[in-house]
Amino acid sequence: MAERPLCYSPGLVKIHMTKHAFLLLALCLQSPWAAAGVDWFKDEDGKTKWQHLANFSSATLIIILSITAIYLLIYSRRAHKANRELTTIKQELEQRVKERTATIDESNKKLTESNQLLESEVSQHVITSEQLRASESYIKDILTSMPLMLVGLNKEGQVTQWNRRVEELSGVSSEKALGKTLWEAYPTMTVVPEHIQQAIEQNKTIHLKQSLRSLSHFDITIYPLQGPEAGVVILVDDVSKQTTAENLLIHNDKMSFMGELASTMAHDINIPLQSILMDLKRFKNIMAATPALEQDGSDKSSQMDAIYKDMSDKGDQVSKIIHNLLTFARNRQAEKQMANIVDVMEHTVNLGKEVISISEGLMFKEVKLEWLIEDGLPQVPCYITELQQVFLSLFRHACIAMQGKLGSTGFEPTIKIILSESYDNLWVKIHHNGVGLTSDEQMRLFEPFFSNSTQAEDFDTGQHLSFSYYIITEQHQGHMAVTSDPELGSTFHMQLPINH
């Protein structure tokens, strides 16, 4: 809508002035003076002097019109002046309106641009936030789904990350673990605070290996974080299957030639041994057929009899060892046989009394045996010959350990054999009171042992039971472990499934 000009109209001013003049004339005519003036224009007879009245009226009207014209002129000049001022004001106002409109338009334009920029930034932030959330969720899924145990710690040792694998193995949920120290959340963790401090202070990765009674094997990696928040990440990889596979490969290689080796050695030893035994018998026959030797002195005869008896005993012992090697070298049955574990143990004990002896003089038959057998034990599926080899190895290990305590006051070499049933498993425990194992020896007891030495005294096979462990765990799908104290001795625990 167009604006009306802000000014005075000259015609409007004249109309107002004319109205005022006629109003003034009417007032004058109605006033007493006007009436008196009319009397002036009458003659003595009372007749009106119209000529004089007309002249007077014309003169009066002229005067009034002159006054009105003066007023009109004055008001016209004022109106023109007011119009000029109003025009100037209008122009100033229009200029201000234009300036303000331009300013407002510029502001609106800037505001629009700002809004557009803000909307663009907001949209970009939304996209970035979604990407960050997606990335965070993706990283969280990676950490949570890792097959490795992953634990994040700050510099105070408090848990900041606890993935699903740790929850499964520890039984502690991440909600309970977060904010606690590692050793409060998972007391059985073998990582100690010194390892954490070493990784942070030296700013280097630490690798550890852990073996739990040779049943589980773990590779532990501790590496420091490089960000502003000091801390470490612990990765625990369960390499039990890998280690078991490696050991299984080693044992399979050993098993592939052990029977042939044992058979060859047995035959190689048996040939000269039989010759020695035959020579001894011929020597005895010669002695019996020569009375002069008996008459020569009873002491010589007794000594020769003692030598003969000792040689015969040694020969018989070697013969039994060879028989045992030949028995083990035979191909085992394709399937396990049901056997009474008590009978297997008794047969092994009798065999051990004949074949186990320690070079320092301790014989297995001199060891005191204590039996603790639960009544009504069921038969178990097993490879009998291999179980006998396991028990013989444990008895030999016990004799070596008890040899170290011979001569101690009040020491009596003792082996306790415990047979029991529990939860569909047959438990065999063999305890000796000899020198126990240290923690390091316990960890290495069931690991494969190799030596490049060709000297017989360098082979300490009695202190390594990897083959026995292999027979129990792989061939019989059982479990084997050891508990030991250097002062009290050691106990070997074997678990054999009854219905496997």
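**Reading contacts, a helix pair and a buried asparagine**

Guide: In this predicted model, among contacts in the chain between residues at least 6 apart in sequence, 61% join residues at least 24 apart.

Visitor: Which secondary-structure elements does the chain have, and what share of its residues is buried?

Guide: The chain has 14 helices and 12 strands, and buried residues account for 32% of its 500 residues.

Visitor: How should I read the packing of two helices, and at what angle do α12 and α14 cross?

Guide: Angles of 65 to 115 degrees count as roughly perpendicular and those over 145 as roughly antiparallel, with under 35 being roughly parallel and the rest oblique. Here the axes of α12 (residues 384–403) and α14 (residues 466–475) come within 9 Å and cross at roughly 140°, and the two helices are therefore oblique to each other. The crossing of α12 and α14 is left-handed.

Visitor: Which residues of α12 and α14 meet?

Guide: From α12, E386, L387, V390 and S393 meet S468, I471, I472 and Q475 of α14; by class, this contact has 4 nonpolar, 3 polar and 1 charged residues.

Visitor: What does the side chain of N154 reach, and which residues does N154 touch beyond four places away in sequence?

Guide: The N154 side chain reaches the backbone nitrogen of Q158 at 2.8 Å, while T160, A230 and G231 are the residues that N154 touches once those up to four places away in sequence are left out.

Conventions: Residues are numbered from 1 along each chain as its sequence is written. This is a predicted model: local features need pLDDT of at least 70, side-chain atom pairs count only at pLDDT 80 or more; totals for chains, interfaces and linings use all residues. Side-chain values use heavy atoms; hydrogens and water are left out. Axes are lines fitted to C-alpha atoms, for helices over the stretch in contact, and angles run from 0 to 180 degrees between N-to-C directions. Helices (H or I, at least four residues) and strands (E, at least two) are DSSP runs, numbered from the N terminus. A crossing is left-handed if the near helix is turned anticlockwise from the far one by less than a right angle, and right-handed if clockwise. Contact means heavy atoms within 4.5 Å. Ala, Val, Leu, Ile, Met, Phe, Trp, Tyr, Cys and Pro count as nonpolar, Asp, Glu, Lys and Arg as charged, and the others, Gly among them, as polar. A polar contact is a pair of N or O atoms within 3.5 Å; within protein, one must be able to donate a hydrogen and the other to accept it, and residues adjacent in sequence count only if both atoms are side-chain atoms. Buried means under 20% relative accessible area, exposed over 50%, partly exposed in between (1.4 Å probe, protein chains only).
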